[in-house]
Protein chains: 4
Amino acid sequence: MSDPRFRGVIPPTVTPLTEERELDKESFARSLNRMLDAGVHGLFVLGSTSEVVFSTDARRREILETAVEVANGRVPVLAGIIDMQTERMIEHARDAQAIGVDGIVATAPFYALGGEAEIEANFRYIRDAVDLPLFAYDIPVCVHKKLSIDLLMRLGREGVLTGVKDSSGDDVNFRFLLEENKAAGNPLNILTGHEVVVDGAYMGGADGSVPGLANVAPRPYVEQWDAAQAGDWKRVAELQDELAHLMRIVMVPKGVQGFAAGVGAFKAAMKELGVIASNQMPRPVKALEGENVEAIRGVLASCGLL
Amino acid sequence: MSDPRFRGVIPPTVTPLTEERELDKESFARSLNRMLDAGVHGLFVLGSTSEVVFSTDARRREILETAVEVANGRVPVLAGIIDMQTERMIEHARDAQAIGVDGIVATAPFYALGGEAEIEANFRYIRDAVDLPLFAYDIPVCVHKKLSIDLLMRLGREGVLTGVKDSSGDDVNFRFLLEENKAAGNPLNILTGHEVVVDGAYMGGADGSVPGLANVAPRPYVEQWDAAQAGDWKRVAELQDELAHLMRIVMVPKGVQGFAAGVGAFKAAMKELGVIASNQMPRPVKALEGENVEAIRGVLASCGLL
Amino acid sequence: MSDPRFRGVIPPTVTPLTEERELDKESFARSLNRMLDAGVHGLFVLGSTSEVVFSTDARRREILETAVEVANGRVPVLAGIIDMQTERMIEHARDAQAIGVDGIVATAPFYALGGEAEIEANFRYIRDAVDLPLFAYDIPVCVHKKLSIDLLMRLGREGVLTGVKDSSGDDVNFRFLLEENKAAGNPLNILTGHEVVVDGAYMGGADGSVPGLANVAPRPYVEQWDAAQAGDWKRVAELQDELAHLMRIVMVPKGVQGFAAGVGAFKAAMKELGVIASNQMPRPVKALEGENVEAIRGVLASCGLL
Amino acid sequence: MSDPRFRGVIPPTVTPLTEERELDKESFARSLNRMLDAGVHGLFVLGSTSEVVFSTDARRREILETAVEVANGRVPVLAGIIDMQTERMIEHARDAQAIGVDGIVATAPFYALGGEAEIEANFRYIRDAVDLPLFAYDIPVCVHKKLSIDLLMRLGREGVLTGVKDSSGDDVNFRFLLEENKAAGNPLNILTGHEVVVDGAYMGGADGSVPGLANVAPRPYVEQWDAAQAGDWKRVAELQDELAHLMRIVMVPKGVQGFAAGVGAFKAAMKELGVIASNQMPRPVKALEGENVEAIRGVLASCGLL
């Protein structure tokens, strides 16, 4: 069943580390408050961007407790419960519930090979174990399975799922999902996770966005949401162009790829902007440095942010 | 170098066959005229939708000659020269030039494994051999290689490529391509091939669309283009919703997949609408029949087209 | 540095569960003893077959403690430390070391996207943290990265890796790895994880095998190893044919796939053979039943095992 | 129905070109005669190695006519009819039949997306059109579809297929295919296309091999076949080790990949051995040169071939 609390801009939060790879709570609070002050409508903690899979269980709890404390009820907090299979996801879900989050987010199970029967059972087992709104996180690039529209709609209509966070990179399928959801009376909150095509997602009727780039630039995403709500599509597109230009920070690093380039660039930019103290990355990933940081500074400068 | 002739709605044409799998020129002319009367801005003949890879060289020429004759200069005609490697692509390009097309469209080479060096050389060899505007067709689902933004921009700036027809299904990358192209002064005409996300593409600044669905419903795509040009984004989105609903014809067939479902559905719908005489498909593909055709009729009816 | 203890047949152990999904220690001990009595040369616990990714940390420890206790020093025990990234793998490695295993087995990190730099750093961090022989587990079907020969050889020569457990399904690459290892003076113990092509692996010089099917039929794999050591290749091939025929238990189940079919079939066969009490599977996977179990019985019967 | 003529070593022939990229018939005849003198049991012309997909129809005929003329009935000639879909494959099959080949080899259709129904229909249409033994060429790395065992066995039992040329790189599946074929009374001739694991394939009961490397070193492959027929598996493995070492010619080139590295290395080695006059490659591929050729010479020297 969809839930009106989970609409608008819900950034997946970056997790700042000290040089010694401890959680930098001060930087984390500063970053969260900066986004909350900019008007974001929720926080998604312990998603891929939060380096959830690099974290021990103790670190996960530490990150989540800090976020819930900082948010302090100002906006709802969604917690990722990313892990390989059901039992571990349920452990994380219970931890998150004890900490006081407002909803949880789970992917399809991964590593062990399976089919849609296992994916469906996984969502049902989680929902039975923990009475919290549950979002499905569609991220085939990480879990190597695509969540089908049939499955999502069925679980939405039955109230197993509250919504979908789409990072599938498949905009055609995403549009069909929006279309099916509308036809079914909107049982699902549908959020896009792709920073540079939020305009198209809003035009198609998405309920919000989960843009990692909002850790760097929260205000334009909030403005974009407001413009979309007001039907000012010209402004939506202008802001998208600016954000697409800024998103080039993840394209300019050389010699790195994937998480090291993406979240690495977010952290480097946030450090250059004075939001966080260090751009340290979790093992086994190296922080960006030297010319890669210079290239990111160049993008920030060309966007008027330095 | 981009070319103002190749903007707007440029449908990839469906190739009607008789029951005996001969080219049904009468149906083909009817379908082309129907799209031209609706105001489409160009025709893309011998693309994937035209069943180019199912055709002998003689059949390719027959299709192209018919299209050029029917178009009769009313709009520019782009010809696909799809084949596995350079020598064959050049043979097709020369045939197309002799028939009098206005531009040609080539994919990366495929079947034999290679890297970007071979892809780049391939486009250069073609452009050297045939003096016609050349579009790169980015269709990794068929050729299993993605054309990089760096390569496309380099070939655009050098005048090797006039444009790109994007069927990559990668909307994030597509947005970055639009962004780079704008920053470089628009050396490329950039067209999207995805029927249900044309609105987002136009908002990002795409020069046009190549929607297979326009064989079924040309008029709404032309209206959508006009609305986008006028900045009426609300209307753009409304039309997109209608078209996304209609595009469900490719989702409803059961027990078939890929080309058989996609182009199969276009043909079945066109037959039901009286545009073509038969929905016959090329060997080894079976035409849709029975309940699958009924399901397509259902979608057409729900769109008010029957 | 290679280690002579890790040669021969080292089955990845199946984890029997009770109907309530508790660890069935009695069945587990019976299965382990049956393999040890058959003469296997080691045990690989907490690999994919052991349902490691379905297990909480507590369950992992319970499985490992039971295995170490049953093995009681008769053969070396390798422990999988499968998890998404470095910190968690090190937690598992320390648990395994405390329990008293003889070596550990790690895959490339997964879920978060990266490159070979992160894979290499991951193996180095683990080896630095825990002073135990470390095997690289090459299983791209689960982690979606292939370990390159260059990386494996470099880490072998430097003593970071003791060996490789190959489940890559890439026999050509495997042969080149064997070839490189021989040329370098055999710094690595190289084990194949593919049950039906052990004969070819032994001919190429592999140091052993890790056959899940040995949970069902341990004796033929031990005989095959002995025949290979004696140069009796005719016998090696005969045994392989028998085992390939038996391995059809994983092919005959209908309507299931991946882990549910593979380990599901092992468990069903072991139950039918009286080795374990239940073929229960971990959530979210369903145990095989009905006609699928009958089909497995059919294969067992055709192999003379019932 | 299997056919005893197609057993043993059947090399996929390399196509030598002049510097101007014409067919170098003299070099071609020299290479073919060298293999025939070494005792190979057949020739597979116009496979991937023959650069079939780089060739115009005229070039295909020229290559095939030369091969048939040189073979002159000494061994059977198989002709590849590689193309995207049925109609073109049948055109090539008719050309091959007119030229006088002994059998034809077809892959699954590619480029257009489809399912197993289209693959099956394709083989049936070809077999109906041309009365020649038909081999299925299983090469998913090029056509992106795997031929299932069920399909191959069904078409074998019905006499549509005479055999299978396996370049799937999936040795586990290959072993199951051999197993099923044996159980069915050997309706198929099953040949492996992987140069470095021929020993394992022969142990599993394969009817022969199609090794591209035999263009460089035909004699060891013939010896290996003879040793396998005599049950001298120790010798089979020794020869395989030598051939695996020689096959490193395809691994040593830097900065190139796929066809350019693989067939490029075969041609470079053949030129260095005096078999062909030039190592020219078809457009858009560049011939290996400089340090890459030196590296190949190094491998040849280490094998005692220079």
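Tutor: Let's start with a term: helices (H or I, at least four residues) and strands (E, at least two) are DSSP runs, numbered from the N terminus. This is a predicted model, where local features need pLDDT of at least 70, side-chain atom pairs count only at pLDDT 80 or more, and totals for chains, interfaces and linings use all residues. Residues are numbered from 1 along each chain as its sequence is written, chains are lettered from A in the order in which they are written, and side-chain values use heavy atoms, leaving out hydrogens and water.

Student: In which helix do Arg235(C) and Glu238(C) both lie?

Tutor: These residues form a salt bridge, with the closest N and O atoms 3.1 Å apart; the term means a side-chain nitrogen of Lys or Arg within 4 Å of a carboxyl oxygen of Asp or Glu. They are three residues apart, about one turn of the helix. The helix is H10 (residues 233-246) of chain C.

Student: Is Glu238(C) buried, partly exposed or exposed?

Tutor: Buried means under 20% relative accessible area, exposed over 50%, and partly exposed in between (1.4 Å probe, protein chains only). Glu238(C) has 35% relative accessibility, so this residue counts as partly exposed.

Student: How many residues apart are Glu51(C) and Lys267(C)?

Tutor: Their side chains meet in a salt bridge (3.1 Å, N to O). The pair links distant parts of the chain, with Glu51(C) in the loop between strand E2 (43-45) and H2 of chain C, and Lys267(C) in helix H11 of chain C. Both residues are buried. They are 216 residues apart.

Student: How much area do chain C and chain A bury between them?

Tutor: Contact means heavy atoms within 4.5 Å, and this contact takes 41 residues from chain C and 41 residues from chain A. Buried area is the accessible area (1.4 Å probe) that two parts lose on being put together, summed over both. Of this area, 65% is on carbon and sulfur atoms, and the total is about 3600 Å².

Student: Which residues in chain C lose the most area to chain A?

Tutor: Three residues together make up 23% of what that side buries. They are Tyr111(C), Arg283(C) and Pro284(C).

Student: How many salt bridges does the rule find across the interface of chain C and chain A?

Tutor: Side chains of opposite charge can pair when their charged atoms come close. Arg88(C) forms a salt bridge with Asp57(A), the closest N and O atoms being 3.9 Å apart. Both residues belong to a network of salt bridges that also includes Arg60(A) and Glu91(C). Across the interface, the count is four.
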